[in-house]
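Welcome! Take a moment to turn the model around before reading on.

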Amino acid sequence: MTSQDELRILQRIATGIERLRPEPEPPAEIKSSDAYVWSAERKTLLPVDEVRHIDLELLHGIDEARDTLLANTLQFAKGYSANNALLWGARGMGKSSLVKAVWAHINKQMPRSLVLIEIHREDIATLPALLHTLRGWVIRRFIIFCDDLSFDGNDSIYKSLKTMLEGGIEGRPDHVLFYATSNRRHLMPRDMMENEQSTAIIPGEAVEEKISLSDRFGLWLGFHACSQEAYLDIVSAYARHFRLTVVPSELHEKALQWSAARGARSGRVAWQFIQDLAGKMGKLLPA
């Protein structure tokens with residue numbers, strides 16, 4: 001028997017032993033909580049004891065986006081196929097609130113079915129390390145969430161996200177989804193897109209790679225500026241929910257004065273108004 005034959009036999013034995021080895025147990029931190037923040041520096045998950053969120057029923061004016069994201073996330077929680085989602089559009093219209101509300105709503109119906117992991121935009125380059133941590137732990141289902149995601153002209157970290165969403169040798173694990181919010185539909189500034197297109201030898205090809213990143217999200221959910229009617233509906237819903245007894249005409253007048261002073265109407269502005277109103281009425285609402 002040659003040395004090469006002996007080597008092949010040893011390799012087969014090693015492979016057989018490797019197959020017999022039981023799957024490793026998830027790290028204790030993955031078992032202990034339903035929400036985490038990814039620490040890129042330490043390459044670990046930091047448990048979050050309480051995720052601040054509002055009830056799904058309180059999110060008004062975004063019905064279509066709410067129903068679509070809820071259905072997609074419920075499919076995922078039940079172990080079925082689902083899409084990565086990009087929530088884009090106007091500031092303060094409930095993009096990040098919707099992600100957290102949907103996660104909390106489903107976990108209330110199906111306890112411990114979903115784990116929410118927040119990754120900061122500047123840590124996107126460490127996504128492969130996070131996926132490596134999660135890849136073997138199929139006993140849980142994970143939503144990786146990045147709030148206010150966007151890329152500037154010289155950013156190259158978007159490539160890590162692109163590989164995670166679609167492509168690469170290993171691909172995205174079936175038990176992991178990626179949800180992101182952004183003010184930009186294509187995750188990059190419009191003026192930068194137009195500038196690169198105008199200076200390119202073949203217009204359009206210069207930014208095609210970066211634009212294709214947003215195409216890798218199966219769901220695009222748009223959030224548009226709030227009308228006065230929708231703004232007042234949100235204010236009224238908050239007032240009813242928190243039992244703030246105010247004559248409707250007076251409530252609306254104060255709410256419009258508040259929005260005029262802020263120079264904007266949105267779900268966020270409505271919430272800030274309700275916080276102020278509750279404080280003046282001697283009530284404490286969740287932050």
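## A tryptophan and its neighbours

Leaving aside residues up to four places away in sequence, Trp220 touches Leu86, Trp88, Arg185, His186, Ser214 and Asp215, where contact means heavy atoms within 4.5 Å. You will find Trp220 in strand 7; helices (H or I, at least four residues) and strands (E, at least two) are DSSP runs, numbered from the N terminus. Because its relative accessibility is 26%, Trp220 counts as partly exposed; buried means under 20% relative accessible area, exposed over 50%, and partly exposed in between, with a 1.4 Å probe and protein chains only. Asn84 lies 136 residues away from Trp220 in sequence, yet the two are 9.0 Å apart in space, C-alpha to C-alpha.

A word on what you are looking at: this is a predicted model, in which local features need pLDDT of at least 70 and side-chain atom pairs count only at pLDDT 80 or more, while totals for chains, interfaces and linings use all residues. Residues are numbered from 1 along each chain as its sequence is written, and side-chain values use heavy atoms, with hydrogens and water left out.

Seven strands form an open, mixed sheet in the order 2-1-4-5-6-3-7; two strands pair if DSSP finds at least two bridges between them. At its edges are strand 2 and strand 7 (219–223), each pairing on one side only. On average, and ignoring direction, neighbouring strands are turned by 25° against each other.

Strand 1 (residues 35–39) and strand 2 (residues 44–47) run antiparallel and are joined by four bridges. Ser39 has Thr44 in strand 2 as its bridge partner. Four residues lie between the strands of this hairpin, where Lys43 takes a positive phi near 55°. Strand 4 (residues 115–118) and strand 5 (residues 142–146), in turn, run parallel, again with four bridges, and Ile117 stands opposite Ile144 in strand 5.

## A loop residue

Which loop holds Thr126? Thr126 lies between strand 4 and helix 5 (127–134). Thr126 counts as buried because its relative accessibility is 15%. Not counting residues up to four places away in sequence, Thr126 touches Trp38, Ala40, Lys43 and Ile119.

## Helices that pack together

Helix 9 (residues 228–241) packs against helix 11 (residues 267–280) at an angle of about 40°, their axes 9 Å apart. Axes are lines fitted to C-alpha atoms, for helices over the stretch in contact, and angles run from 0 to 180 degrees between N-to-C directions. That angle makes helix 9 oblique to helix 11: under 35 degrees counts as roughly parallel, over 145 as roughly antiparallel, 65 to 115 as roughly perpendicular and the rest as oblique. Tyr231, Ile234, Val235, Tyr238 and Ala239 of helix 9 meet Gly267, Val269, Ala270, Trp271, Phe273 and Ile274 of helix 11. By class, this contact has 10 nonpolar, one polar and no charged residues; Ala, Val, Leu, Ile, Met, Phe, Trp, Tyr, Cys and Pro count as nonpolar, Asp, Glu, Lys and Arg as charged, and the others, Gly among them, as polar.

Helix 11 also meets helix 10 (residues 248–262): their axes come within 10 Å and cross at roughly 120°, so the two are oblique to each other. Leu251, Lys254, Ala255, Trp258, Ser259 and Arg262 of helix 10 make the contact with Val269, Gln272, Phe273, Asp276 and Leu277 of helix 11. By class, the contact of helix 10 with helix 11 has six nonpolar, two polar and three charged residues.
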